[in-house]
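Hi everyone, thanks for having me. Have a look at the sequence and the structure on the screen, and then we'll walk through a few places together.

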Amino acid sequence: MKKNLLLGLSLMLLSTYSAVAQFSDYIPLVVEGARWDGYVHVEGWLYEHQEYHPYSIVIEGDTTINDTDYKKCHYLFPEINQAPNKYTTVAYLREDINQQKVYAIYEESYMSPINTMWSGDLYDYCLEHGFNEVLLYDFNNPSNPDLYPEDYFSAPSYTTSLITTDDGVTRRCHQLSDGAGSIIEGIGYADDYHNGDLLFKFPLKAACPCNTTVNFMQYYNENNDLVYRSPRDNGHKFHESITRDNVRWEYIFRDTNFMTGITTEKTFWIEMKENTKINDQYYYRCVAWSNENDSITLGYVRDDESNRQVLCRYESDINNEVVLYDYNDITNAAPLQYINTAFTNISTENFRYSYRNHDKFTVKDDNDNTLFQIIEGIGFISDGTSYSNGHLLNYPTIAQPDSRDYRIIFNRIFNPKDGSTIYEAPAGVENTTINNQNELISINNGAITTSQDALIEVLDINGRKVASTHGTTLSITSLPSGLYIIKATSYNNSTTIKIAIK
């Protein structure tokens, strides 16, 4: 009896020891490539209607401050930026693995595109006390007073439990008192009622009565695997707007005269300009131009986030509002309405760019050839072939029945603020060489070759540099399958082409 009792006690102690050992390994939070997705919800007297702005927080890049190594932490808003760059860095993070603490230095020069989202949180404290390193998380003690600036927040109590996230990993979850959310090991703050995110884990207080809230939705690891869904994630799909600032759609207008056989090309752009109020609704004025002194207004466009539609009033028919794109029923989109029932072979897939998932609709002919695509947040793209010759606001157009023919070829969407490419023409869309005075680049047997010494750069579809060299040859045999942008710059020439590696 005593022997069995001792055996049972030993097994219980061994089991307890194993459990402790199992969960004793600390799970880091500051990891290269980790991403937190969410949305900013804005409503109130400053706005005509509720707005939902999707955003991501991404850890990418290294830096050194005061002889200490940090990771760069970026806020990405699809309306403004698609990839980490100098304009998106909001904080610098470092982690003390032994102490299980995360520290942050906030970026003083960063200005949020939703300017009210800063007021009332730690940013105000930094403005008053200086942009020095602050303790952001203490996973051993979420009630550490150092986490809560004096006269700003009072330290809450908490209870700790173990949870298993979608990746099968068991983590500590510290539930804060008064429904203030949870602190999850390796993930950070997750709210179930109050709003906040990784960097601002306390409810925000807007600077004006416009009720700005920031809500964390999902966490993805460095391999882009979904790890955790916040209690805020109710499965609602937030519409990414086409109408946004600091974005240009770039096209090549190729005009051929069949009488002479001469082809001329011109690059033109489409861009959203100032807000215009029509019938108590706000629209972006949409213009097309090939130089700053030669622009025309195509129409007025607005997003209806609640119905996942893009609506348009054309300049030539401003009193009539039409559905330009309908992501719930793409056959209701203007391009599909224009060609009526000529093509019914339409497929839908989940498409990923700029760290986010979007709906992509591909229209094919009866022989399964791709005619054009409509992508959420990007719009209509094509290679300018018959039945699919058009742009963001223009329906597909059949070749002109006269002595001339033209193509409108989608090239890219870019941010004119820093020149970064947001989205490039996909494989199958005709490659276009830009600023090419003479042929500088050739690709043979898995190597890029230039006709003279040049800076050769290879960028992925998100605009990140994956390979580069100074010289005349660069091997690309080690690159994985995908779309890439090749840039070569010599002393007297610059060439950019797009390639697909299969």
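Let's begin with a pair of strands. Strand β4, residues 89–96, pairs with β5 in the antiparallel sense, over six bridges. If you want one example to find on the screen, take Leu93: its bridge partner in β5 is Ala104. Before we go further, please keep in mind that this is a predicted model.

Between β4 and β5 there is a hairpin with four residues between the strands, and there Gln100 takes a positive phi near 60 degrees. On its other pairing, β5 is joined by four bridges to strand β6, residues 134–138, and these two run antiparallel. Here Val102 stands opposite Tyr137 in β6.

So is β5 enclosed or open? Six of the six residues in this strand, 101–106, are buried, so β5 is largely enclosed by the rest of the structure. Here is a handy rule for strands: in a regular one, the side chains alternate between the two faces of the sheet. In β5, Lys101, Tyr103 and Ile105 are on one side, Val102, Ala104 and Tyr106 are on the other, and all of them are buried.

The charged end of Arg412 sits over the ring of Phe414, at 4.1 Å from the centre.

Now for rings that meet other rings. We describe a pair of aromatic rings by the distance of the centres and the angle of the planes. How many aromatic pairs does a search of the whole structure find? It finds eleven. One of them is Trp36 with Tyr219, a tilted pair at 5.0 Å centre to centre, with 45 degrees between the planes. This pair links distant parts of the chain, since Trp36 is in strand β1 (residues 35–42) and Tyr219 is in strand β11 (residues 213–220), 183 residues apart. Both Trp36 and Tyr219 are buried. Elsewhere, ring pairs link Tyr251, Phe268, Phe410 and Tyr423 into a cluster.

Next, the nonpolar cores. The largest one has 40 residues, and those with the most contacts inside it are Trp249, Ile270, Tyr325, Ile374, Leu392 and Leu393. Strand β21, residues 370–375, gives the largest share of this core, with four residues. There is also a second, separate core of 38 residues, which includes Val40, Ala180, Ile187 and Tyr228.

Let's zoom in on Tyr325. Leaving aside its neighbours within four places in sequence, the residues in contact with Tyr325 include Ile242, Arg308, Pro335, Ile374, Phe380 and Leu392.

What about the cysteines? A disulfide is a covalent bond between the sulfur atoms of two cysteines. A search of the whole structure finds zero disulfides.

To finish, let's visit a loop. Asn279 is placed between β14 (262–278) and β15 (281–291), and its 59% relative accessibility makes it count as exposed. Asn279 and Asn319 are 40 residues apart in sequence, while their C-alpha atoms are 9.0 Å apart in space.

How values were computed. Residues numbered from 1 in each chain as written. Predicted model: local features only at pLDDT ≥ 70, side-chain atom pairs only at ≥ 80, totals over all residues. Heavy atoms only, no water. Core = buried A, V, L, I, M, F, W, Y, C linked by side-chain atoms within 4.5 Å. Buried < 20%, exposed > 50% of the residue type's maximum accessible area, 1.4 Å probe, protein only. Contact = heavy atoms within 4.5 Å. Phe/Tyr/Trp six-rings, centres within 6.5 Å; stacked < 30°, edge-to-face > 60°. Lys NZ or Arg CZ within 6 Å of the ring centre and 35° of its normal. Pairing = 2+ DSSP bridges. Disulfide = S-S within 2.5 Å.
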